[in-house]
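Open the model in your viewer and keep the sequence panel beside it. This tour gives one selection at a time and says what is there.

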Amino acid sequence: MTRSARRAVARVFLAMSLALSASPALGDEPEARVAQPANEQPRTAVSISVAALSSSAFAAEVERDLGRRKLSAALGIGLRSAAMGDYGSITIGGSAELRRWLRTPMRGWFAALRLEVARTSMEQETEDRSIGALLTTSLALSAGYRFVPYRGLQLTPSIGAAVIRESGLDGRSPASTRGAPVLGLTVGWMF
Amino acid sequence: MLWRIAALAAGFAGFACSGPAVLADVPYDTRFGDAATMDIYIPDGPAPAAGRPAVMLIHGGAWRFGSKDDYDAAAERLARAGFVAATINYRLVPAGIYPAAVQDCLCALSFLRANAATYDIDPERIAVSGYSAGGHLSSLIGVAAELSIHAPDCEWGPTGPPAAVIPGATSHTMLDSQNDLIIDFMGGSEEDLPELYATASPIEQVHPGAPPYLVIHGQDDVVEVEGAIAMVDALRAAGNQVFFLELRGAGHVLSPSTDSSQIAVEAATDMPEAWAATIDFLDRTLGEP
């Protein structure tokens with residue numbers, strides 16, 4: 001990943017974090033925002049993907065308690081460069097996830113619906129030529145549990161099933177739809 | 001609201017609804033029943049007079065498990081790209097102890113060539129691809145199809161190597177392994193069967209004039225990537241055309257999702273990078289359909 005790409009990702013993530021953190025939770029009553037108890041539950045979480053780190057990629061998300069029906073919403077971005085050897089690739093993706101918490105918002109058990117869109121462009125580096133780009137759309141239903149072992153530190157494993165559709169943006173790679181089990185593990189901070 | 005969700009789901013799934021014609025359970029060697037059948041996926045539309053390029057797919061499963069159904073999605077996808085795709089069964093251990101499984105794969109290839117006109121295939125443009133144990137079998141018939149020990153005694157007779165080879169997630173050698181799965185497939189230890197271990201090892205059979213290879217391997221595969229790199233180096237040293245795609249973060253059955261935040265339980269060759277490389281390689285070696 002180039003330095004400029006890293007900077008761009010950091011900027012987008014920072015902007016998303018600020019936007020979600022600064023915005024009032026959907027459904028909040030004005031009075032509720034005026035009188036906040038001192039021991040209020042954390043309503044924002046920022047996380048990075050452990051799975052991404054293990055594959056030299058980067059994925060991060062910011063999550064906000066929606067303040068109603070034990071729902072929270074998360075927006076994420078991801079960047080990876082998976083192809084090596086005679087090839088090179090860059091994948092840029094974004095995700096949106098709606099989580100329904102079982103008992104307490106932002107911690108414990110949850111179920112989630114996640115939509116992810118990513119673009120992968122591929123090069124054959126030995127001949128310095130593009131061999132196409134693909135658009136991947138994934139819709140996943142998952143369940144997970146958020147541990148909060150210390151103050152705002154949170155660890156969130158999840159498991160689910162995804163329907164994944166790929167289609168060629170250029171090049172000749174044909175469209176395909178398939179299903180796959182998916183696993184997730186994020187670590188981050190709540191505030 | 002519900003009907004909107006249903007419509008969205010139907011639209012999402014609908015991309016898979018129309019597809020190529022599928023000829024299921026076509027026997028290529030009637031002596032072995034279901035173990036010697038294949039499913040053939042034929043693209044929509046008229047075929048050129050010379051026939052279409054084709055890809056024969058060999059499933060994995062440690063030579064002991066799996067079936068042609070494992071490659072359904074890949075076969076359909078290849079057919080959508082204009083290739084005739086044939087996903088094959090072959091005899092599994094114990095019936096498929098070496099060299100039986102290799103002979104079955106070559107019999108299937110010979111069947112496709114002998115019946116090319118029936119399936120609108122150009123017999124000179126058939127590639128072979130496989131994953132894991134199927135990767136080993138595909139790699140082996142790429143460099144050792146003409147060894148007498150591999151010659152099938154089926155109705156269609158022996159045949160030459162495929163026009164291109166795409167082995168995924170395999171080691172390319174049987175030597176110096178204490179793996180029980182390999183010992184079971186070989187029917188004995190290397191100490192007892194040294195010559196068979198050599199003929200069953202693709203890297204030992206590399207020679208000039210082998211078909212083009214695209215070797216695909218996950219960086220974190222339990223089947224160590226060094227074996228794939230050694231095969232690539234051996235093919236190149238012999239003057240053959242070979243491309244190598246190593247996939248960062250990919251394992252044998254776990255691959256990073258495209259936004260990298262999750263891990264999908266699927267083969268490395270299902271990653272979009274692998275598909276882009278595969279289609280490009282097939283177009284360049286077999287010619288566009």
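**Stop 1: an exposed residue**

Select A:Ile159, which counts as exposed because its relative accessibility is 53%; buried means under 20% relative accessible area, exposed over 50%, and partly exposed in between, with a 1.4 Å probe and protein chains only. This is a predicted model, in which local features need pLDDT of at least 70 and side-chain atom pairs count only at pLDDT 80 or more, while totals for chains, interfaces and linings use all residues. Residues are numbered from 1 along each chain as its sequence is written, chains are lettered from A and ligands numbered from 1 in the order in which they are written, and side-chain values use heavy atoms, leaving out hydrogens and water.

A:Ile159 sits in strand β8 (residues 153-170) of chain A. Helices (H or I, at least four residues) and strands (E, at least two) are DSSP runs, numbered from the N terminus.

**Stop 2: chain A**

Select chain A, which has three helices and nine strands. Of its 191 residues, 46% are buried. Chain A exposes about 9400 Å², with 62% of that supplied by carbon and sulfur atoms; accessible areas come from the Shrake-Rupley method with a 1.4 Å probe, and for residues only the protein chains shown count as cover.

Next, pick strand β2 (residues 58-65) of chain A. It is largely enclosed by the rest of the structure, because seven of its eight residues are buried. Which way do strand β1 (residues 44-49) of chain A and β2(A) run relative to each other? They run antiparallel and are joined by five bridges; two strands pair if DSSP finds at least two bridges between them. A:Ile48 has A:Ala60 in β2(A) as its bridge partner.

Strand β3 (residues 71-80) of chain A also runs antiparallel to β2(A), over eight bridges. Five residues lie between β2(A) and β3(A) in this hairpin, and A:Gly67 in the turn has a positive phi of about 80°.

**Stop 3: a link between chains**

Show the side chains of A:Arg80 and B:Glu273, which meet in a salt bridge (2.9 Å, N to O). A salt bridge is a side-chain nitrogen of Lys or Arg within 4 Å of a carboxyl oxygen of Asp or Glu. The pair joins two chains, because B:Glu273 lies in helix α8 (residues 272-286) of chain B and A:Arg80 in strand β3 of chain A. B:Glu273 counts as buried at 0% relative accessibility, and A:Arg80 counts as buried at 2%.

**Stop 4: strands and a helix in chain B**

Select strand β3 (residues 52-58) of chain B. Seven of its seven residues are buried, so β3(B) is largely enclosed by the rest of the structure. Six bridges pair β3(B) in the parallel sense with strand β5 (residues 121-131) of chain B, where B:Val128 stands opposite B:Met56. Five bridges pair β3(B), again in the parallel sense, with strand β4 (residues 84-88) of chain B.

Finish with helix α2 (residues 72-80) of chain B, whose buried residues include B:Ala74 and B:Leu78. After α2(B) comes B:Gly82, with a positive phi near 105°.
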